[in-house]
Amino acid sequence: MRILLVNSERGFRGGEFQTAALAKGLVERGIETHIAAARGSELARRMEGLMPVHRFRFERIPIKTPFGLRRLVGHAGVDLVHAQTSGAHSHVRIALIGLDDAPPLVVSRRVAFHTSGGLAGRLKYRSGVTRFIPISEAAARSLRNAGVPDDRMTIIPSGVDVSLLRGATGDRRLLGEWGVGEGSAVVGTVAALESEKGLDVLVEAAGLVMRSQDDSLFVILGEGKERRRLERLIADAGLVGRVVLGGPAERLERALPLFTIFVLPSLEEGMSTSLAAAMAAGRPVVATKTGGIPEVVGERAALLVPPGDSSALAEAISRLLDDPIERERLAVAGSERGRMFDIERTIESTIALYRSLLRA
């Protein structure tokens, strides 16, 4: 079995972590794996030397890259292509048109928002894809809205390294970088700095919490287009030094165990691997009731609030800061539920799907 994984992103976020983990898992199991990645991407850098890495431009309007991918599929003798991102899906879909003995195309769906309509959207989602892999039921619903039938979908949740996270104690040097004082509570999140993550709502909630929780500190770790806007919001609210906007969390096991509470304020969310990681690390969770989040936390492993409601978010955070017994209950429940999202399970389920499609 020879697999080609295609990822068009230049940054390294949750989807790229999943691509890298899947690629390594395939290689460890003796499956020949190639990666088509964006030129200059962090994914390409990290995978170099571990497996063949092929670099492409992945231009905004697919013109040149599909021809390169088409040649790669033929020269490498690929048995199956797995597009990891929406951009990769578009490029590979074009690359395989009219190709004799084209390999099956599998596409991961990591988001829960509705797909674009029109002719292009119908062509993209209703033809040319052998199987979609939505990471949650919420992501599957977005595909149904685009006209994808259930028999062309297999839900496989994203995974995290549960064994690593369960035993992690964190890197306490980070506390100094964040400016955490002795005895202070840390309310933290790990998320892309994008509008759909609701981080402006978290900043507003932080101001409300600090009216009664003067010894707490909020930490936001991530990268994205919203950084400057968030910096302005923090400054305008007089929260500089109280809400820390850090860089991306390269290794979640270093940061998550240092959080007193993990908060996910998303307005839209396919699933969130940082949420699953926080649960696996035994962190009590406050999150929003949107997208795939309720599927991840279940009925007992988090406090859920409406998305976009800073008052409700602040109230839930304050409640946990005041109640160590409730924090412990949520931590235990989350840790147990977090086992469901082990990356090994994700890899094995994906390989099983590959094999069933190739047999068919």
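**The whole protein**

Begin with a surface display: the accessible surface of the protein comes to about 15900 Å², of which 49% belongs to carbon and sulfur atoms. Accessible areas come from the Shrake-Rupley method with a 1.4 Å probe, and for residues only the protein chains shown count as cover. This is a predicted model, in which local features need pLDDT of at least 70 and side-chain atom pairs count only at pLDDT 80 or more, while totals for chains, interfaces and linings use all residues. Residues are numbered from 1 along each chain as its sequence is written, and side-chain values use heavy atoms, with hydrogens and water left out.

Along the principal axes, the C-alpha atoms fill a box of roughly 65 × 40 × 35 Å. For 360 residues, a compact globule would have a radius of gyration near 21 Å, and the protein agrees with its 21 Å. The radius is taken over C-alpha atoms, and the globule rule is 2.2 Å times the number of residues to the power 0.38.

In cartoon view, the secondary structure comprises 16 helices and twelve strands. These are DSSP runs numbered from the N terminus: helices are H or I with at least four residues, and strands are E with at least two.

Colouring by accessibility shows that buried residues make up 54% of the 360 residues. Buried means under 20% relative accessible area, exposed means over 50%, and partly exposed lies in between (1.4 Å probe, protein chains only). Of the contacts with a separation of 6 or more, 69% are between residues 24 or more positions apart; a contact means heavy atoms within 4.5 Å.

Next, select the charged residues. The mean positions of the 48 positive and 43 negative charges are 6 Å apart. Lys and Arg count as positive and Asp and Glu as negative, with His and the chain ends not counted; the charge is placed at NZ of Lys, CZ of Arg, CG of Asp or CD of Glu.

Select residues 105-109, which form strand β5. Five of the five residues of β5 are buried, so this strand is largely enclosed by the rest of the structure. Leu105, Val107 and Arg109 lie on one side, with Val106 and Ser108 on the other. In a regular strand the side chains alternate between the two faces of the sheet.

Two strands pair if DSSP finds at least two bridges between them. Ala83 stands opposite Val107 in β5.

Strands β5 and β6 run parallel and are joined by four bridges, with Val107 opposite Phe132.

**Helices**

Which residues of helix α6 (residues 137-145) are buried? They are Ala138, Ala139, Ala140, Ser142 and Leu143. Just after α6, Gly147 takes a positive phi of about 95°.

Move to Thr19 in helix α1 (residues 14-28). Thr19 is buried, at 1% relative accessible area. Apart from neighbours within four places in sequence, its contacts are Leu5, Asn7, Leu43, Gln84 and Arg110.

In helix α14 (residues 310-322), select Ser318, which counts as buried at 14% relative accessibility. With neighbours within four places in sequence set aside, Ser318 is in contact with Val209, Ser212 and Gln213.

**Loops**

Select Asp101 in the loop between α4 (86-95) and β5. Its phi is near 55°, a positive value in a residue other than glycine. Asp101 is exposed, with a relative accessible area of 78%.

Ser272 lies in the loop between β10 (261-264) and α12 (273-280). Its phi is also positive, near 85°, but Ser272 is buried, with a relative accessible area of 9%.

Finish at Gly170, in the loop between α7 (162-166) and α8 (173-178). Gly170 counts as partly exposed at 23% relative accessibility. Gly170 and Arg254 are 84 residues apart in sequence and 4.2 Å apart in space, C-alpha to C-alpha. Not counting residues up to four places away in sequence, Gly170 touches Glu253, Arg254, Pro257 and Leu258.
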